[in-house]
Amino acid sequence: MDFTVAAKYLKMLTEHPAAPEELPNGESLFYEWDPSLPYSSDVYATQIEKDPDKDFVILNFGDIQCHDGEAFCQVGEMAEETMDKLIRGIKPDMLSLSGDNAFDPLAYLRLIRFLDAYDIPWAACMGNADQRGLVSEFWADYQMAHAKNSLFDYGPKGMGDGNFIINIVQDGKTVHTLFYMDSHHEEMAPDGSEYYDHFWPSQIAWYEWAVRGIAAEEGHVVPSTVIMHMPVQEYIDAWKSAHDEKTGELKEPFRSMDFCKVHESFGTPRDNNGFFDKCLELGSTKLMLCGHDHINCFAIPYRGITLAYTMKTGYGCYWEKETNGGTTLSVDGNGNVAVGYHYIDPTKSRVKKFVIDYYGIKLYGPKDTD
Ligand SMILES: [Fe+2]
């Protein structure tokens, strides 16, 4: 890192607001919302144009999650090399992060700088780890909202960080909506045990308000994708429907699907807050995409909604080398969305020393069996 960049980073660390209260003139950046407000895409959504002659392709990176030290050594180089190969190979219309973007502030700044360099619009939701080592979660919001090519928005007040709407528009019509939603963090139970929080009732009300509002604007329910960090509990049911527990085998057609696996327990919220059922009731959301469980990877249609894990990107925190890469969401002119997994083989990495040194070592996750 050169001195100019280091100085810029230090300024961002020390001078940028850590909380909305630190903003001048009581400015909030989050907006006031209640369900009685009339919905308008012009006010509450970002529009992004789709070329009518081809699918709109979103390339999502999962749980890059580097510490500061890692971001500036081979762990970070490895993740950046993976992302660079994917971006150059796929040439996506938009980049996306599904949370646990980085543990620490310098790693966050480096990641934002890296993504911005491609001049492709990008968006991100927040993961449970996007606060631990940072100045604050709001500080990370602030960095992303100010990045040149970022579509990140703070969202409504009192619903966490980064609940926002992106409409994919073709010939003046919204064909598909992306909901980025904050699934929050670990909470402490009275007995001292930790559990995962999930969407709050106000977020579910906001989602319903937007789905109905967009439908009213377009004259029909518009298909949508929810991008969130933690999976809803129905991911477990979806896996049970695709996997024979007795034999340990995948059922058809999942047997022939690449990268379909559950190698760690589901990090779902403790409670089912009814979000999946609300999505079924409203009929808009056709896909949910989450990260969080680094070594689980699947896309399983379940009761009309495809429940998908993103593929993990890079080594950060823990990984399996068999599923290193990115995930595409391809939206066609009718708003249908298809999931694609794109593997980048780490053994072909030019960051060879990293690969040799780190194979078999898992600092935080289950031990590699190789
Ligand atoms: Fe993670």
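Predicted model: local features only at pLDDT ≥ 70, side-chain atom pairs only at ≥ 80, totals over all residues.
The protein chain holds 10 helices and 18 strands. Its radius of gyration is 20 Å, close to the 21 Å that the globule rule gives for 370 residues, so the chain is as compact as a globular protein of that length. Along the principal axes, the C-alpha atoms fill a box of roughly 55 × 55 × 55 Å. Of the 370 residues, 44% are buried. Sequence distance is also worth a look: among contacts between residues at least 6 apart in sequence, 74% join residues at least 24 apart.

One part to find in the structure is an open sheet of 5 strands, arranged in the order 4-3-2-17-18 with mixed pairing. Strand 4 (122–124) and strand 18 (337–343) stand at the edges; each has a single partner strand, so one side of each is left without a neighbour in the sheet. On average, and ignoring direction, neighbouring strands here are turned by 25 degrees against each other. Within the sheet, strand 2 (residues 56–61) pairs with strand 17 (residues 325–331) in the antiparallel sense, over 5 bridges. Asn60 stands opposite Thr327 of strand 17. Helix 4 (residues 74–90) lies across strands 2, 17 and 18, and runs at about 175 degrees to strand 2.

The largest nonpolar core has 90 residues, and Met288 and Ala308 touch the most other members. Helix 5 (residues 105–116) gives the most to this core, contributing 7 residues. Which residues does Met288 contact, leaving aside its neighbours within four places in sequence? They are Val226, Met228, Val232, Ile305, Leu307 and Ala308.

Conventions. Residues numbered from 1 in each chain as written. Pairing = 2+ DSSP bridges. Helix = DSSP H or I, 4+ residues; strand = E, 2+ residues; numbered from the N terminus. Axes fitted to C-alpha atoms, helices over the stretch in contact; angles between N-to-C directions. Contact = placed C-beta atoms within 7 Å. Core = buried A, V, L, I, M, F, W, Y, C linked by C-beta atoms within 7 Å. Buried ≥ 20, exposed ≤ 12 C-beta atoms within 10 Å, placed from the backbone. Rg over C-alpha atoms; globule rule 2.2 N^0.38 Å.
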